[in-house]
Amino acid sequence: MSEQIYTFKTIVIGPAAVGKSSLIRRFVENMFSLHYKFTIGVDFMSKTVDYETGKSAKLTLWDIGGQERFKVLRRSFYEGTNGAIVVFDLSRAQTFTKMKEWLSDVRQAIEKDFPVVIIGNKSDLIPEIGVVIDRNEVQQYAEKEKTIYIETSAKTGDNVEKAFLELTQRMVQKCS
Ligand code: GDP
Ligand code: MG
């Protein structure tokens with residue numbers, strides 16, 4: 001049994017259909033479905049992460065619907081956030097632009113600085129459709145935001161755990 005010291009509120013944000021719910025599902029239940037079911041309101045899940053030997057943190061994962069009509073919910077949704085996973089879709093370039101708006105929206109709503117990990121999801125589609133996004137631009141943006149960029153696939157599970165672990169370690173660092 002590892003010692004659990006922290007509970008972190010982790011929000012997963014970004015435009016609709018980029019794979020936010022799928023990433024959470026892959027991370028928490030190690031499952032994936034191609035069947036699209038959009039998130040209504042806010043969904044909760046939690047998972048305990050061993051961020052180093054003998055030490056664990058509980059993440060409460062907040063998944064909000066990307067739809068504009070839920071905008072009124074967002075302020076209460078953001079309250080008490082310890083960290084954010086910010087997601088765009090590697091198969092749709094415009095979701096990167098939209099993702100930046102999401103992040104600046106949260107930065108405005110939350111006064112304190114909080115750790116972020118930027119995810120380009122659906123990396124499994126790249127062999128099929130090619131690269132539709134300027135990775136240098138994403139990298140530069142991540143540096144400007146003092147964070148890192150990770151490409152994941154909720155479908156295959158590639159890098160999903162790594163992304164959440166990376167964020168957890170950053171949240172722990174922030175607290176100690
Ligand atoms: P959300 O609106 O951001 O929560 O997006 P969802 O998790 O509901 O996913 C939207 C759609 O993209 C669904 O049909 C998923 O099956 C699909 N999807 C999500 N992640 C991936 C991925 O990594 N690869 C592929 N190929 N499809 C994905
Ligand atoms: Mg969803």
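## Ligand 1 and its contacts

In the side chain of K122, an N or O atom lies 3.1 Å from an oxygen atom of ligand 1, a polar contact (a pair of N or O atoms within 3.5 Å). The protein buries 92% of the 580 Å² that ligand 1 exposes when taken alone, with areas from the Shrake-Rupley method and a 1.4 Å probe. K20 brings a polar side-chain atom to 2.7 Å from a ligand oxygen, while K155 uses a backbone N or O atom at 3.3 Å.

Ligand 1 is surrounded by 19 residues, the closest being A17, K20, S22, S33 and D124; a residue counts if one of its heavy atoms lies within 4 Å. Helix α1 gives the largest share of this shell, three residues.

## How to read the model

This is a predicted model, where local features need pLDDT of at least 70 and side-chain atom pairs pLDDT 80 or more, while totals for chains, interfaces and linings use all residues. Residues are numbered from 1 along each chain, ligands are numbered from 1 as written, and side-chain values use heavy atoms, without hydrogens or water.

## Aromatic rings

Eight aromatic pairs turn up in the whole structure, counting ring centres within 6.5 Å. One of them, F27 with F164, is stacked (planes under 30 degrees apart), at 4.0 Å centre to centre and 5° between the planes. F27 sits in helix α1 and F164 in helix α6, so the pair links parts 137 residues apart in sequence.

Over the F27 ring sits the charged end of K47, 4.9 Å from the centre (NZ of Lys within 6 Å of the ring centre and within 35 degrees of the normal).

Note on methods: Rings of Phe, Tyr and Trp (its six-membered ring) pair if their centres lie within 6.5 Å; planes under 30 degrees apart count as stacked, over 60 as edge-to-face and the rest as tilted. Helices (H or I, at least four residues) and strands (E, at least two) are DSSP runs, numbered from the N terminus. A polar contact is a pair of N or O atoms within 3.5 Å; within protein, one must be able to donate a hydrogen and the other to accept it, and residues adjacent in sequence count only if both atoms are side-chain atoms.
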